[in-house]
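Here is a short briefing on one protein chain. Keep the sequence and the 3D view side by side as you read.

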Amino acid sequence: MASLRKKVAKIASCPTCAAISAVLAAAKVPGAVRNEIAFDNRVRGIDSKLQSRVKRRVVRPLTQQAKKRANILSQELKAANKRARKKSGGLKKGWSQSRIMKEAHKKAQRRY
């Protein structure tokens, strides 16, 4: 029993083990059995496999230059959309979303 307490104290940060323990507690499984199941090496192995599959993406804040470019492109997209659309909201003849984006990018690049 003492070894189980040490094991539980070591692995208390494992979210999968904690979730399984909570589910078993809700099902009114006795504490010793619940901890033996929840904090088993196989459960910890599953948790480590899950953690290795999760890719943590660090999002860096935009630089001033990137913000400026995004703002310019946004303005050009609005202008191109205005030229390409009819009053009803549909595209004029000869226009496509591809053409709108191409023209917006061209005009934005001239303004950088």
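The points below go from the overall fold to single residues.

This is a predicted model. The protein has six helices and zero strands. Buried residues make up 20% of its 112 residues.

**Overall layout**

- Read from the N terminus, the elements run α-α-α-α-α-α.
- Take the contacts in the protein with a separation of 6 or more: residues 24 or more positions apart account for 51% of them.
- Helix α5 covers residues 64–84, and helix α6 covers residues 97–111.

**Two helices that meet**

- Two packed helices are described by the angle between their axes and the distance between the axes.
- Helix α2 spans residues 15–26 and helix α4 spans residues 41–53.
- The axes of α2 and α4 come within 8 Å and cross at roughly 130 degrees.
- The pair is therefore oblique. An angle over 145 degrees would count as roughly antiparallel, and 65 to 115 degrees as roughly perpendicular.
- On the α2 side, the contact is made by Pro15, Thr16, Cys17 and Ile20. On the α4 side, Val43, Arg44, Asp47, Leu50 and Gln51 take part.
- The residues of this contact divide into five nonpolar, two polar and two charged.

- Ile20 lies in helix α2. Ile20 is partly exposed, with a relative accessible area of 29%.
- Leaving out residues up to four places away in sequence, Ile20 touches Ala38 and Val43.
- Ile20 and Val43 are 23 residues apart in sequence. Their C-alpha atoms are 8.9 Å apart in space.
- Ser21 also has its place in helix α2. Is Ser21 buried or exposed? Ser21 is buried, because its relative accessible area is 13% and the cut-off for buried is under 20%.
- Beyond its neighbours within four places in sequence, Ser21 is in contact with Arg34, Asn35, Ala38 and Phe39.

- Lys28 sits in the loop between α2 and α3, and α3 covers residues 31–38.
- Lys28 is not a glycine, yet it has a positive phi of about 60 degrees.
- Lys28 is exposed: its relative accessible area is 76%.
- Arg85 is found in the loop between α5 and α6.
- Arg85 is partly exposed, with a relative accessible area of 30%.
- Which residues does Arg85 contact, leaving aside its neighbours within four places in sequence? They are Gly90, Leu91, Lys92, Gln97 and Ile100.
- Arg85 and Trp95 are 10 residues apart along the chain. Their C-alpha atoms are separated by 8.3 Å.

**Aromatic rings and charges**

- How many aromatic pairs does a search of the whole structure find? The search finds zero.
- Rings do have charged groups over them. Arg69 lies over the face of Tyr112, at 4.2 Å from the ring centre.
- The charged end of Arg99 sits over the ring of Trp95, at 3.9 Å from its centre.

Key: Residues numbered from 1 in each chain as written. Predicted model: local features only at pLDDT ≥ 70, side-chain atom pairs only at ≥ 80, totals over all residues. Heavy atoms only, no water. Phe/Tyr/Trp six-rings, centres within 6.5 Å; stacked < 30°, edge-to-face > 60°. Lys NZ or Arg CZ within 6 Å of the ring centre and 35° of its normal. Axes fitted to C-alpha atoms, helices over the stretch in contact; angles between N-to-C directions. Helix = DSSP H or I, 4+ residues; strand = E, 2+ residues; numbered from the N terminus. Parallel < 35°, antiparallel > 145°, perpendicular 65-115°, else oblique. Contact = heavy atoms within 4.5 Å. Nonpolar A, V, L, I, M, F, W, Y, C, P; charged D, E, K, R; others polar. Buried < 20%, exposed > 50% of the residue type's maximum accessible area, 1.4 Å probe, protein only.
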